Amino acid sequence: MDQKYKEQQLKKFALSVIDSPQYKNEISHILSKTKLSKKELISTYLHYDMDIFAYENEIYDSLAMRAVLHLHNLLEESWHQDRQLAILNMLKNLNIKTVVDMGFGVPTKYVRDFILNKRNIKLTLVDFSDSAFEFSKLLLSYLDSSWGNIVSFKKLDMNSHEFVGNYDVYIFQDSVEHVRNCTQYLAKTVQFSNKNSIFILSIPIGPKVPVHTMSWKSIKEAKDWLNSCGLKVNKSKLVYPNPKVDLFAEQLNYKFYNYIVECRK
């Protein structure tokens with residue numbers, strides 16, 4: 001794809017969220033509270049999707065990047081929407097009281113459409129970066145003034161391999177592959193969790209990119225890896241990038257998809 005055309009398309013997608021009637025007030029609130037300009041937000045959006053081989057995990061430290069992740073989650077017809085819906089549907093069918101989201105990045109669809117509505121599940125959002133918490137607090141405050149009654153934060157760098165504690169559900173939504181020695185860390189979390197704990201993971205299948213420490217070439221390889229960590233797949237769903245919207249995957253020749261799983265010990 002011509003790079004100029006790709007840039008124009010990405011800008012159009014960013015603006016489709018920023019200026020949409022559904023999210024315009026929400027994005028305006030975010031821009032006001034973060035003191036980000038629309039121009040800076042779009043520029044960061046382009047940087048993130050133009051060349052996925054041009055950066056590593058440090059990119060997630062900025063507040064602008066957190067806002068970009070949120071834009072992606074709201075982008076219509078994107079794989080981000082399908083991934084969020086898959087995880088939401090898995091959670092809705094579980095009888096649970098506590099959830100921890102490891103390396104959550106930004107609050108996703110299940111938070112706004114399920115946790116904040118149901119109100120009887122305690123959610124802990126875990127990340128290593130203060131920007132994740134700063135962005136999330138201003139977003140959650142916009143969505144629900146009493147969010148603090150059911151949502152809390154914990155700062156933890158998964159690279160330290162610290163056990164986060166016991167929860168009914170552990171979510172690793174495109175996060176475990178960012179951890180150094182992610183096999184050891186997931187196996188440890190499984191080992192120390194309660195016997196009835198449930199694990200929901202979104203695992204990228206396809207070529208390795210610089211922000212990831214591990215890659216899986218097939219569903220079988222991912223399933224074998226999960227088994228080696230002490231997990232058995234109970235439910236699964238495949239989510240593929242949409243070539244019309246998810247232009248980041250062009251560099252991977254669209255030979256890339258998510259294997260979203262609900263696992264038991």
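A salt bridge is defined here as a side-chain nitrogen of Lys or Arg within 4 Å of a carboxyl oxygen of Asp or Glu. The structure is a predicted model, in which local features need pLDDT of at least 70 and side-chain atom pairs count only at pLDDT 80 or more, while totals for chains, interfaces and linings use all residues. Residues are numbered from 1 along each chain as its sequence is written, and side-chain values use heavy atoms, with hydrogens and water left out.

By the salt-bridge rule, the count comes to 10. One of these joins the side chains of Asp113 and Lys109, at 2.8 Å from N to O. Asp113 and Lys109 are four residues apart in helix H6 (residues 109-118), so about one helical turn separates them. Helices (H or I, at least four residues) and strands (E, at least two) are DSSP runs, numbered from the N terminus. Asp113 is partly exposed, with a relative accessible area of 35%, and Lys109 is also partly exposed, at 29%. Buried means under 20% relative accessible area, exposed over 50%, and partly exposed in between, with a 1.4 Å probe and protein chains only.

A salt bridge also forms between Lys6 and Glu250, whose closest N and O atoms are 3.6 Å apart. Lys6 lies in helix H1 (residues 3-18) and Glu250 in the loop between E6 and E7, so the pair ties together parts that are 244 residues apart in sequence. Lys6 and Glu250 are both buried. In the salt bridge of Arg83 with Asp174, the closest N and O atoms are 2.2 Å apart. This pair links distant parts of the chain, with Arg83 in helix H5 (residues 79-92) and Asp174 in the loop between strand E4 (169-173) and helix H8 (182-192), 91 residues apart. Arg83 and Asp174 are both buried.

Seven strands form an open sheet with mixed pairing, in the order E3-E2-E1-E4-E5-E7-E6. Two strands pair if DSSP finds at least two bridges between them. Strands E3 (151-155) and E6 (232-239) are the edge strands, each pairing on one side only. E6 runs antiparallel to strand E7 (residues 257-264), and seven bridges join the two. Within this pairing, Val239 has Asn258 of E7 as its bridge partner.

Helix H9 (residues 219-228) packs on the sheet and touches strand E5 (198-205), E6 and E7, contact meaning heavy atoms within 4.5 Å. The direction of H9 makes about 30 degrees with that of E7. Axes are lines fitted to C-alpha atoms, for helices over the stretch in contact, and angles run from 0 to 180 degrees between N-to-C directions. Helix H7 (residues 130-143) lies across strand E2 (122-127) and E3, running at about 170 degrees to E3.
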